[in-house]
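Let us walk through one protein model. Start with a pair of helices, then turn to a cavity.

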Amino acid sequence: MLALTSIWTTILLAAAVALGPLATDMYLPALPQIGSDFGTGTSQVQLTLSLYMVGFAIAQLVCGPLADRFGRKPVMIGGFVLFAIASIGCALASNIETLILCRFLQALGGSAGPVLGRAAIRDIYTPREAAKIMALLASIMALAPAVAPTLGGLMVAGLGWHSIFLVLGAYALIMALVVTFGIPEPMRPEYRQPLQLGSLLRNYRAIGTDISFLGYTLTNALIFSGLFAFLSGSSFVLIDFLEVPPQQFGLYFAGIVVGYVTGNLSAIRLGSRLTPDQILVRGLIIAVAAGSLMVALALAGVFSVWAVILPQALFMAGTGMVMPQTMAGAMANFPRMAGSASALFGFAQMAVAAGAGMLVGHLHDGTSLVMATVIAICAICSLASYRLLVQRYPAPGFEPQVVSGQS
C-alpha cells in the first residue's frame with residue numbers, strides 16, 4: 001500500500017471524494033431529457049438533485065460516527081457498494097418517483113467519500129498543512145467535473161441518460177477496490193470513539209456549540225450554496241433558455257471548473273506568504289463581485305451564454321480560494337473526532353445547498369435572473385458570516401497576527 005503522505009494517496013483520496021461531484025455533474029445535461037421522458041416539470045426534475053443533497057447531508061451524520069468507531073476504510077468501501085447498487089436502480093427507473101428514490105439511496109452511499117476524505121486529511125496532516133492539501137485535493141478533484149458534463153452530454157445524445165448511471169455504478173465499484181487495496185487506514189487506533197448514543201450526542205454537541213466551527217461551516221455552506229444554485233439551474237438556463245446543445249454543455253461547464261481550479265491553485269501559491277484568513281477574505285470579495293455582476297447583466301437584459309459563464313467562472317475562482325480554508329478551519333479543533341466533525345460540517349453544507357437548489361427550481365422564470373440572484377445572495381451572506389463569526393472567532397493557528405510577516 002501507499003504511504004499516507006504520498007502524493008498518490010492524495011490523488012486516490014481525490015478520486016474517491018470525486019464520486020459525489022460526478023453524481024451531480026455527469027447527469028446535468030440529462031435533466032431536460034429526463035423531464036421530457038417522464039412528462040414532468042422543472043421543479044420535480046430538480047428534486048432529483050436537491051433530494052440527493054438532502055440524503056447526502058443526512059447520511060454524513062451516520063458515516064462520521066461509524067468511521068470514528070471502525071475506521072475510515074470500511075465505511076468508505078460500504079458506501080461505494082451501496083452507491084453502485086442505487087445507480088443500477090436509477091438506470092432502471094421507469095418514472096420520476098423511482099428515480100428520486102434511487103437518487104436518495106445513491107446519496108446515502110456517495111456521502112462516504114467526501115466526509116471520510118476530509119477526515120482522512122485531518123488524520124494525516126496538521127490544520128495548517130491540511131488547508132494546503134485540501135486545496136491540492138480540490139484541484140485534482142476538479143478534473144472529474146471538468147470532463148463529466150461533456151461525457152454526460154455525449155452519452156445522453158448517443159446512449160440515453162440511463163447509461164450515465166451505469167457508468168457511475170462501475171466507477172463506484174472500482175473505487176471500492178482502490179480504497180481496499182491502495183490506501184492504508186489513516187485513523188490512529190487510539191482515536192477510535194465508542195459507538196454509543198450518549199457519546200455521539202456529546203460529540204455532536206461539543207462540535208456544534210464550538211463558535212469557531214460554526215463560523216467556518218456556515219461561511220462554507222453559503223458559498224457552496226451559490227455553486228449548487230448554478231448546478232441546479234445551469235442546464236435549464238443554458239440548454240432550454242439559451243439553446244446550448246446538450247453535447248456542448250460540458251464545454252461551457254469546463255470553463256467554470258477552470259475558474260475553480262484557478263482559485264485552488266491561487267490558494268496554494270498564496271499560502272506561503274498569506275494566512276488562511278487573508279486568502280479567505282480575498283476569495284469572498286471575488287465571489288460577491290462575480291455574483292453581483294451576473295445579476296446586473298440579467299437585470300440589464302443581457303441574456304447570453306457568456307453573461308452567465310464568465311461571471312460564474314469568476315465566482316468559482318473565489319469559491320476555490322474559500323473552501324479549502326473553511327474546511328481546514330472547521331476541522332482544526334477536533335483531531336480526536338474528525339469523522340464526526342466532518343460529518344456535521346458536510347451535513348450543514350449539503351442541507352443549506354439543497355435549500356438553495358430547491359429555491360432555484362421553484363422560482364425559475366425561464367431566464368437566468370433567478371439563478372443569478374440566488375448565487376449573489378449566497379455570496380453576500382457568506383461574506384456576512386465571515387465578518388460576524390470567522391473574523392471574531394478564528395480557529396487556533398489561523399489568526400492573522402500569529403503568522404504576520406512570515407514568508
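Lys-73, Met-76, Ile-77, Phe-80, Phe-83, Ala-84, Ser-87, Cys-90 and Ala-91 of helix 5 touch helix 10. Their partners there include Phe-165, Leu-166, Ala-172 and Val-179. Contact here means heavy atoms within 4.5 Å. Ala, Val, Leu, Ile, Met, Phe, Trp, Tyr, Cys and Pro count as nonpolar, Asp, Glu, Lys and Arg as charged, and the others, Gly among them, as polar.

This is a predicted model: local features need pLDDT of at least 70, side-chain atom pairs count only at pLDDT 80 or more, and totals for chains, interfaces and linings use all residues. Residues are numbered from 1 along each chain as its sequence is written, and side-chain values use heavy atoms, without hydrogens and water.

Now look at the angle. The axes of helix 5 (residues 72-92) and helix 10 (residues 162-182) come within 8 Å and cross at roughly 165°. Helix 5 is therefore roughly antiparallel to helix 10, a label for angles over 145 degrees.

Next, the cavities. A search of the whole structure finds 2 cavities of 30 Å³ or more. A cavity is a set of points on a 1 Å grid where a 1.4 Å probe fits but cannot get out, and its lining residues have an atom within 4 Å of a point. Helix 5 gives the most to its lining, with 3 residues. By class, the lining has 7 nonpolar, no polar and 2 charged residues.

Terms used:
Axes are lines fitted to C-alpha atoms, for helices over the stretch in contact, and angles run from 0 to 180 degrees between N-to-C directions. Helices (H or I, at least four residues) and strands (E, at least two) are DSSP runs, numbered from the N terminus. Angles under 35 degrees count as roughly parallel, over 145 as roughly antiparallel, 65 to 115 as roughly perpendicular and the rest as oblique. On a 1 Å grid over the protein atoms alone, a cavity is a set of points where a 1.4 Å probe fits but cannot get out, and a pocket is an open set with protein on both sides within 12 Å along at least five of seven lines; lining residues have an atom within 4 Å of a point. Grid points are joined across faces, edges and corners, and a volume is the space filled by probe spheres set on the points.
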